[in-house]
Amino acid sequence: MPDGGQPETPSDDLSDQEVRDNLLWASRPCFLYRQEFKDCKSIKARFNQYFIYGESIDCSQWGKDYDNCVKYEEKGDIVAGRKLLESEDERRHRRMAAHNANDTWKKRTSPPKEWNSPLPEWFVKNNENTYLAAKSKEKDGIMAPAKEDSLCSVM
């Protein structure tokens, strides 16, 4: 912990059991970290990175994540599990950064007032003979009558 008494990372204040529980849903299977590492270092990926970013990106974190995952899975190393959680948390924060920084749209805290109001009459009438409407009626236990003027035939 730093001198302020605060945990350095979110996983520092978790018990060993909480780390194990979080790794079940927050991490990926180990082979996926290895695959991401290999894909990141491939010629095709390097060409794409150069095209997008103007340079090759650092792939070493995928390799570290794979090593930590294997250490945790095979030896039960909690320190490696904590490092893996920290890496996944950082990856999640980077992925969501643009979404969280977006101030164009106002984020809702609840659904709109009339989100479940009936559809307009013209819309219902327009869609009453669609396949989706027929399947919906079947689901509700109402068998839709077969159309007599259908040009479809099964051979």
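Asn68 counts as buried because its relative accessibility is 10%, where buried means under 20% relative accessible area, exposed over 50% and partly exposed in between (1.4 Å probe, protein chains only). The model is predicted, with local features requiring pLDDT of at least 70 and side-chain atom pairs counted only at pLDDT 80 or more, whereas totals for chains, interfaces and linings use all residues. Residues are numbered from 1 along each chain as its sequence is written, and side-chain values use heavy atoms, with hydrogens and water left out.

Asn68 lies in helix H4, residues 60–75; helices (H or I, at least four residues) are DSSP runs numbered from the N terminus. Not counting residues up to four places away in sequence, Asn68 touches Ala80, Lys83 and Leu84, contact being defined as heavy atoms within 4.5 Å. The buried residues of H4 are Trp62, Gly63, Asp65, Asn68, Cys69 and Tyr72, and they pack against helix H1 (16–26), helix H2 (30–41) and helix H5 (78–101). H4 is followed by Gly76, whose phi is positive, near 70 degrees.

Elsewhere, H2 packs with helix H3 (residues 43–53) at an angle of about 65 degrees, their axes lying 5 Å apart. Axes are lines fitted to C-alpha atoms, for helices over the stretch in contact, and angles run from 0 to 180 degrees between N-to-C directions. Asp39, Cys40 and Lys41 of H2 make the contact with Ile43, Ala45, Arg46 and Gln49 of H3.

How values were computed: Helices (H or I, at least four residues) and strands (E, at least two) are DSSP runs, numbered from the N terminus.
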